There are 2 protein chains.
Amino acid sequence: MQLIKGTLIPIGGNEDKGIEDSELYSLEFIDNGILFHVVKEAGGVDAKIIVIPTASSIPVEVGESYTDAFKSLGCKNIHILDIRNREDSEKQSSIDLIKSANCIMFSGGNQSKITDKIGGTTIHDIILERYKNEKGFVVAGTSAGAMAMANEMIAGGSPKEAFIKGAVKMYKGLNLIPELIIDTHFIRRGRFGRQSEAVAKFPNLIGIGLAEDTGMIIKKGSVCTIIGSGMAIIFDGNTLTHNNEKLLNEGTPMTMANLTVHVLSNGDQINIKTRQIKVLPIESPFV
Amino acid sequence: MQLIKGTLIPIGGNEDKGIEDSELYSLEFIDNGILFHVVKEAGGVDAKIIVIPTASSIPVEVGESYTDAFKSLGCKNIHILDIRNREDSEKQSSIDLIKSANCIMFSGGNQSKITDKIGGTTIHDIILERYKNEKGFVVAGTSAGAMAMANEMIAGGSPKEAFIKGAVKMYKGLNLIPELIIDTHFIRRGRFGRQSEAVAKFPNLIGIGLAEDTGMIIKKGSVCTIIGSGMAIIFDGNTLTHNNEKLLNEGTPMTMANLTVHVLSNGDQINIKTRQIKVLPIESPFV
């Protein structure tokens, strides 16, 4: 297996509190604590950061919001790459930006827009290639931007219909970390059920539910360290002794026995290859 | 250990959809499918059924609603015991009703009202005594009425602050089934987090999260069979390898490694003494 050299930082997302209900039209509130890690991993304040607000329905505003947030951390080399269609993903100017970036930052919104407009294009290939081969190259993403990092991507699903087969919709993501299924806004939007169903569909993968203001720094394609103020809920389907997902008709309640769940917080680690947990001693400082 | 002879039927609850948000003031929509099991376990349509609407803020309406529901199933011997204070729980008329009942049905509302007004009173003692010693004696409860069956009772807790120590409030319940921590309205209200925290507090107990329109028939104080159209989520803390709940300050995110979770549906069983799961074959008819 090829050793991944780049760094992946999926982030759970955290919107402006006044308009929390709408994922598509909300301006994200980006916590400096987590963005600080993104900047640090990308090489510091001189890093060239490319913000891709494609998932958002208000890409201009979201782009400005990220620019302001990165500027407040001292960054000067920030660019918005506002991909609106697949042709934009093939433009030489887009390719040049992606080739020269130290960090790609995908905004929140609708994850299917990311895969529709970028998946399989030249810039997608370059991102994958650089992530695999270049130490210090960072791909970060908030909310939809985090979910799109998986290969089996959660595209939608009502939390109210959780654990009913067919409640979760899965599409193909950007395949940066095929071992994971990533969900975000995990606590406040009650998304345990749809992640459980996703893991039942793909029991060899690990389901990750990132809480608001919580992220993971993933190195070597395997070692995940939790950052931020909340928790990452990990669903490991390897221990399942019963899982009838494949047999059920759509709309039928599921049965799953012996799903292993971890609740991890700041500084804790999971190795997604060995599935081992490393818990930070309680007296340790905040990461 | 004494063998329990009575039957316990906690039910996840399911309110009239128009006013779903308020637990205290909503008229419960009681599904006939689940009530049918309650009536059957109590001996059929001639069973003497006592409805206790004490948890509700609209006890008269809730009492009428249950009366109508039981009548629609053919029951004729239905009584409302509208306990409003501890004195009501000591009245001879209340004691006589509890002594002569085949089935006690606790309504939803606020579970703390049940324990405040009934816990430790004479009728509580009689219910416990009859549940332990009388085959065919049924104690059923919807929502708050189900949660109050535990000894370590979830009294409240915001789903939005889940996995932060202190987010769940625990009080003492009616102690009918001390091995369990029971939560209800589990899927639609996103209560995974507060149940996880409750299990972290009491890792030797089993956490049960009942979905809407889902219940369990518990016999011999141990064998639980899932009834209804949804799921019961089971949290088994026995496998935890790391749990920092006892060490953390209030307001701190928790870490729990290797929590075992089961998602069970109609006809599946868990034995809460042996912690073994028995899954209904997929071709089996609905229970």
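Modeller: Two strands pair if DSSP finds at least two bridges between them. The strands themselves (E, at least two residues) and the helices (H or I, at least four) are DSSP runs, numbered from the N terminus. This is a predicted model, in which local features need pLDDT of at least 70, side-chain atom pairs count only at pLDDT 80 or more, and totals for chains, interfaces and linings use all residues, while side-chain values use heavy atoms, without hydrogens and water. Residues are numbered from 1 along each chain as its sequence is written, and chains are lettered from A and ligands numbered from 1 in the order in which they are written.

Colleague: How do you know that strand β1 of chain B pairs with β10(B)?

Modeller: Three bridges join β1 (residues 7–11) to β10(B), and the definition asks for at least two, so the strands pair. They run antiparallel, with B:Leu8 opposite B:Ile218.

Colleague: What joins β10(B) to strand β11 of chain B?

Modeller: Six bridges join β10(B) to β11 (residues 223–228), again antiparallel. B:Ile217 stands opposite B:Thr225 of β11(B). The hairpin of these strands has three residues between them, and B:Lys220 takes a positive phi near 55°.

Colleague: Why is β10 of chain B described as largely enclosed?

Modeller: Buried means under 20% relative accessible area (exposed is over 50%, partly exposed in between; 1.4 Å probe, protein chains only). Five of the six residues of β10 (residues 214–219) are buried, so the rest of the structure largely encloses this strand.

Colleague: What makes α4 of chain A mostly covered?

Modeller: Six of the eight residues of α4(A) are buried, including A:Ile114 and A:Ile118. Among the elements that cover them are β2 (49–52), β4 and α5 of chain A. Just after α4(A), A:Gly120 takes a positive phi of about 80°.

Colleague: How do you know that the length of helix α5 in chain A is close to what is expected?

Modeller: The expected span is 1.5 Å times one less than the number of residues. Helix α5 (residues 122–133) has twelve residues and reaches 17 Å from its first C-alpha to its last, close to the expected 16 Å. Its buried residues include A:Ile123 and A:Tyr131.

Colleague: How confident is the predictor in chain A, as given by pLDDT?

Modeller: The predictor's confidence in each residue is its pLDDT, from 0 to 100. Chain A averages 88, and 90% of the residues score at least 70. Over residues 15–26 of chain A, however, the pLDDT is below 50. Where pLDDT is low, the predicted coordinates should not be read in detail.

Technical notes: Contact means heavy atoms within 4.5 Å.
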